[in-house]
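Here is a short report on one protein chain.

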Amino acid sequence: MVVFYRGAWCPYCNLALRTYQAELVPALAERGVELIAVSPQKPDGSLTMAETNKLTFSVVSDPGNQLASALGILTGPAPGAVAAQAKLGFDLVEQNADGNRTVPMPTTVVVDAQGVIRWIDVHPNYASRSAVSDILAAVDSMS
């Protein structure tokens, strides 16, 4: 199972990954399924995300958003959001490994042993994430 998240700077991403750690990782382990979280941030950001949230699953960087681009799940902040971020002293260009402002929409992908996508849940609203119960139902439907 792969979760695409925006970055360690995103409070919604932190909350979702902590929830997945507590509620999803044990249930996936019982089913023999691993969780991997992917973002376009620099590797140091991925390490920070894993350490800060005490995550036991793999948290990796996708420089250039290659995986997210292949899935067609990329988005970018509106000009007003960029201006608001700048006022807060935050620059997405500095966070992303490829130096741009493109991020994946929060997305959960369940992939079978052959690498075929069996379920994908894309959230255009950055504050929304896949429910643990929905993810487990998708995993269970593969058995």
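Five strands form an open sheet in the order β3-β2-β1-β6-β7, with mixed pairing. Strands pair if DSSP finds at least two bridges between them. β3 and β7 (117-122) stand at the edges with a single partner strand each, so one side of each lacks a neighbour in the sheet. From one strand to the next, the twist averages 20 degrees. β6 (residues 107-111) pairs with β7 in the antiparallel sense, over five bridges. Thr108 stands opposite Asp121 in β7.

The model is predicted: local features need pLDDT of at least 70, side-chain atom pairs count only at pLDDT 80 or more, and totals for chains, interfaces and linings use all residues. Residues are numbered from 1 along each chain as its sequence is written, and side-chain values use heavy atoms, without hydrogens and water. The mean pLDDT (the predictor's confidence in each residue, from 0 to 100) of the chain is 93, and 100% of its residues reach 70 or more.

Helices (H or I, at least four residues) and strands (E, at least two) are DSSP runs, numbered from the N terminus.

Now take helix α2 (residues 43-52). Gly45, Ser46, Met49 and Ala50 are buried there (under 20% relative accessible area; exposed is over 50%, partly exposed in between; 1.4 Å probe, protein chains only). They share one side of α2, because they cover an arc of only 135 degrees around the axis. Their cover includes α1 (11-30), β2 (36-39) and β3 (58-61), with contact meaning heavy atoms within 4.5 Å. The face turned away from the buried side carries the exposed Asp44, Glu51 and Thr52. Just after α2, Lys54 takes a positive phi of about 50 degrees.

Terms used: The arc is that of the directions from the helix axis to the C-beta atoms. Axes are lines fitted to C-alpha atoms, for helices over the stretch in contact, and angles run from 0 to 180 degrees between N-to-C directions.
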